[in-house]
Amino acid sequence: MRDKIKEYEAVAKAAELFVKSVAEGNSEYAKRLFTEDAVLFGILNGEMEHGSIQQFYNNVDSVGGDSNFKARIDVVAVEETVAVVRVLEEGWGGSIDFTDFLLLLKIDGEWKCVAKAYNQNSDTIQK
């Protein structure tokens, strides 16, 4: 069952922690969004990346923020206890564009991300 608009807003607000971490190059915001056992999947510069969300934290902290970074949050679906969010990123680390899909669960009344899968736009792959 599609949820109420206020839940879509709550999911978008939770996803803002992800965007803020990338924009500022500080994983502390994202650590409030992701569960401890969250997973990560994607292909970065042609190499498969998968495993613990810690890898994302490491990437964010090592790349740092960029004042030209832009992002858009699209809440794709909210179905009572599960939500899907698409985040469009432009200029991560000054040069990479991503499309991220975040899978969130409502745990103890709070939206938490349990998985992140991403695509790196092909025109930003470093060869």
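From the N terminus on, the elements of the chain follow the order α-α-β-β-α-β-β-β-β, where helices (H or I, at least four residues) and strands (E, at least two) are DSSP runs numbered from the N terminus. That makes 3 helices and 6 strands. The chain is as compact as a globular protein of 127 residues, because its radius of gyration of 14 Å is close to the 14 Å of the globule rule; the radius is taken over C-alpha atoms, and the rule is 2.2 Å times the number of residues to the power 0.38. The model is predicted, so to speak of local features requires pLDDT of at least 70, and side-chain atom pairs count only at pLDDT 80 or more, while totals for chains, interfaces and linings use all residues. Residues are numbered from 1 along each chain as its sequence is written, and side-chain values use heavy atoms, with hydrogens and water left out.

Along the principal axes, the C-alpha trace spans about 45 × 25 × 25 Å. Of the 127 residues, 41% count as buried, that is, under 20% relative accessible area, with exposed meaning over 50% and partly exposed lying in between (1.4 Å probe, protein chains only). The accessible surface comes to about 7,100 Å², and carbon and sulfur atoms hold 50% of it; these areas come from the Shrake-Rupley method with a 1.4 Å probe. Contacts (heavy atoms within 4.5 Å) can also be sorted by sequence separation: among those between residues at least 6 apart, 50% join residues at least 24 apart. The chain carries 14 positive and 22 negative side chains, and the centres of the two sets lie 5 Å apart. Here Lys and Arg are positive and Asp and Glu negative, with His and the chain ends not counted; the charge is placed at NZ of Lys, CZ of Arg, CG of Asp or CD of Glu.

Ala15 belongs to helix H1 (residues 5-24) and is buried, with a relative accessible area of 0%. Beyond residues up to four places away in sequence, Ala15 touches Leu33, Ile73, Val85 and Leu102. Between the C-alpha atoms of Ala15 and Ile43, which are 28 residues apart along the chain, the separation is 21 Å.

Asn59 sits in helix H3 (residues 54-63) and counts as buried at 15% relative accessibility. Leaving aside neighbours within four places in sequence, Asn59 is in contact with Leu44, Glu49 and Trp92. With Glu49, the link is also a side-chain to side-chain polar contact at 3.0 Å. Such a contact is a pair of N or O atoms within 3.5 Å; within protein, one must be able to donate a hydrogen and the other to accept it, and residues adjacent in sequence count only if both atoms are side-chain atoms.
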